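I set out to record what I looked up in this structure. My entries follow the display.

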Amino acid sequence: MHRRHVLLSLALSIGASFGAHAQTFPQRPIKLIVPYAPGGSADIAARLVTDEWAKKLGGVMVVDNRAGAGGNLGVDAVAKSAPDGYTIGLQTVSLAINPALTPKMPYDTLKDLAPIGMVASSQHVLVVTNNLPAKDVKSLIALLKAEPGKHNYASAGGGSTFHMAAELFKANADVPLVHIPYRGGGPALVDTIGGQVSLSFPVLSAALPQVQGGKLRALGVTGTKRSPLMPNVPTLAEAGLPNYSFETWFMVFAPAATPKAVIDKLNASLNETLSSPAVAARMTKEGFDPIPSTPEQARARLEKELPLWGKLIKERGIKAD
């Protein structure tokens, strides 16, 4: 009986300690690690929310870009950080994609990370070079089937969201296309504009000025609904591929052992930030759709998508760089 009382007392003490930590949190700057270089979609998404998020928390938040290994380097840094809420990360859907692409992952996605919540989603756009005669998705598919081996597509690298969007297109349309991986979305877009490749699947925010400027032709967006930034461009499902749907999502997370009270405080303030009209307007302007969630909903999405991407990657023999 005495031992049970000691264990109960210890548990209550630990719980009280975590509770006190959450009440005073944060007492120093929070580091938000983005596992890509500045200027990409993940970096933009992070910087759209950090200032307001920090205000809601009553603290300071600093974006720390740590690019490398397809995003695994930065995520691993979060996984191995002290679980106190002061080092967190933001990653794209690659959080669910990378385990199937990397033979020896430095971390276990579900065991070593604690989702805080979803941030936003963003569509990609099927764009073709202007010298390609196809004016819509159906005529593009017909052209690709009529000229097998002649056409290729650019991606931001093996395993990137550009790559996944294109492979889903290939699977749904049953067309031959050669993959040309680039080191980043910028170079991939430049060569699509220049006609060195036939098509690409850049994120909407990157494609928009090129489409508006007449440098590329947009044939379809990859999400389940049209984008208000490109209202005249149909979804790929509307354009003839009814089973096609792909969006890049962005999730924030902490090391696995981070106290639940701290996770909940970070989540509540993040959702409050995403619900701010000013933040929502800025995100929409950049091609993002805010998606507030609970930590449990974020984890459920990750658990659902890990096997789905694993199956696609295995079936199509997709490799990382």
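How much space lies in the second largest pocket? I found about 420 Å³ there, in a predicted model whose local features need pLDDT of at least 70, whose side-chain atom pairs count only at pLDDT 80 or more, and whose totals for chains, interfaces and linings use all residues. Residues are numbered from 1 along each chain as its sequence is written, and side-chain values use heavy atoms, with hydrogens and water left out.

I noted the terms. A pocket, on a 1 Å grid over the protein atoms alone, is an open set of points where a 1.4 Å probe fits, with protein on both sides within 12 Å along at least five of seven lines; lining residues have an atom within 4 Å of a point. A volume is the space filled by probe spheres set on the points, which are joined across faces, edges and corners.

I then looked up the lining of the second largest pocket. Its 15 residues include Ser245, Phe246, Glu305, Leu308 and Trp309, which lie nearest the centre. Helix α12 gives the most, with eight residues; helices are DSSP runs of H or I with at least four residues, and strands are runs of E with at least two, numbered from the N terminus. α12 (295-316) and β10 (247-255) each supply at least two lining residues.

I turned to the largest pocket, with a volume of about 990 Å³. Of its 40 lining residues, Tyr36, Ala156, Ser160, Gly184 and Gly185 are the closest to the centre. Among the elements that each supply at least two lining residues are α2 (41-57) and α7 (161-173).
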